[in-house]
Amino acid sequence: MTVNLLEFERTGFAQFCAGLGEKPFRARQLMRWIHQVGVDDFDAMTDISKTFREEMKKLAVICAPEVARDTTASDGTRKWLLNVGTGNAIETVFIPERNRGTLCVSSQAGCALACTFCSTGRQGFNRNLTTAEIIGQLWLANRKLGRGIESPRPITNVVMMGMGEPLANFTNVVAALQLMLDDDAYGLSRRRVTLSTSGLVPAIDRLRDACPVALAVSLHAPDDKLRDEIVPINKKYPLKELLAACVRYLDRAPRDFITFEYVMLAGVNDSPEQARALAKLLKAVPSKINLIPFNPFPDSGYERSSAAALENFRDVLMQKDYTVLVRKTRGDDIDAACGQLAGQVLDKTRRRERRPTNAAA
Ligand code: SAH
Ligand code: SF4
């Protein structure tokens, strides 16, 4: 059976080389060829002996998901639809900005958590992505973007904010994170890799021990009653437990605050009273608040908050001394904005049958 070398983080490479009687430094060479140079051809690895290359050709491949579609939005945001087999496709988005380039990476085909305002959540769930499929998104994007003259490293930041709940696919996501941070692979600093979660409390604690990167938490509501409704995982891990896990995470976090994401839904969670309640709720957690204008998708049943409501909400929080950022909508003309990623998911949960499309109305 052939192995896909994109499945391995450092220990995997070391074991692979040891198993073939090769010296440990070969692992480092392989990692560099694959993740830094971006090769998928063993013959390109010129400082590796011909015999080892021939042996690898028999045993291994370097194989990322196949690109089914490559679209660029009017603002330069680029989206790849990637085929991950058996009728499932995921999406990866590159967001170029003046002094950085962010890749938004998916972790699952679909998502089982069913947040009511999220297009991925609406689709249901098929399966977890493998490590190769997760890191393969970064590997592919690097190859596609090239190492242009103006910008030698197009991807400076990674956000685990694509399709799926990354902490529900813990092992594979952590292996991919380790490669993102590894100096022989992508060498990104922990501060430049952000994982966004809807709040799987035990997994937040595990991440703190295994691989503490910057953490963003999808809050979206200032109280349990509303959060139970729009982020259903809240019924299992309510706000008090979630915020306590955030405080614990900060001991190890690469940044001294947690980012809280809050999607602005007209008439649902955007009133000044709710802003005040949010300010009170987050008092004990060093925070930055990221307000996300809702991005519509067919039959969502929600509307984006008005500019005035958004400004009021932001002002209330700023008066209480919070740092508040309003996330710029990028790539919405190609459905690449937050919450619009849908790819193609063969739903195993039969969610669509159980819930009518206007459930949120
Ligand atoms: N599952 C993870 C990460 C993926 S979603 C999580 O929920 O955190 C990335 C961010 O986009 C989350 O904050 C999510 O709540 C938000 N989002 C989902 N649907 C959205 C929509 N339609 N408009 C704007 N943001 C949305
Ligand atoms: Fe899943 Fe995140 Fe969408 Fe919720 S917002 S359904 S957790 S991808």
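Visitor: How far is an oxygen atom of ligand 1 from an N or O atom in the side chain of His 220?

Guide: This is a predicted model, in which local features need pLDDT of at least 70 and side-chain atom pairs count only at pLDDT 80 or more, while totals for chains, interfaces and linings use all residues. Residues are numbered from 1 along each chain as its sequence is written, chains are lettered from A and ligands numbered from 1 in the order in which they are written, and side-chain values use heavy atoms, without hydrogens and water. A polar contact is a pair of N or O atoms within 3.5 Å; within protein, one must be able to donate a hydrogen and the other to accept it, and residues adjacent in sequence count only if both atoms are side-chain atoms. For ligand 1 and the side chain of His 220, the distance is 2.6 Å.

Visitor: Which space does ligand 1 take?

Guide: On a 1 Å grid over the protein atoms alone, a cavity is a set of points where a 1.4 Å probe fits but cannot get out, whereas a pocket is an open set with protein on both sides within 12 Å along at least five of seven lines; lining residues have an atom within 4 Å of a point. A molecule sits in such a space if more than half of its atoms lie within 2 Å of its grid points. Ligand 2 sits in the largest cavity, and the space taken by ligand 1 is also the largest cavity.

Visitor: What volume lies in the largest cavity?

Guide: Grid points are joined across faces, edges and corners, and a volume is the space filled by probe spheres set on the points. The search of the whole structure finds one cavity of 30 Å³ or more. The space in the largest cavity is about 530 Å³.

Visitor: Which element gives the most to the lining of the largest pocket?

Guide: The largest pocket holds about 950 Å³ of space and is lined by 35 residues. Strands (E, at least two residues) and helices (H or I, at least four) are DSSP runs, numbered from the N terminus. With five residues, the leading contributor is E13.
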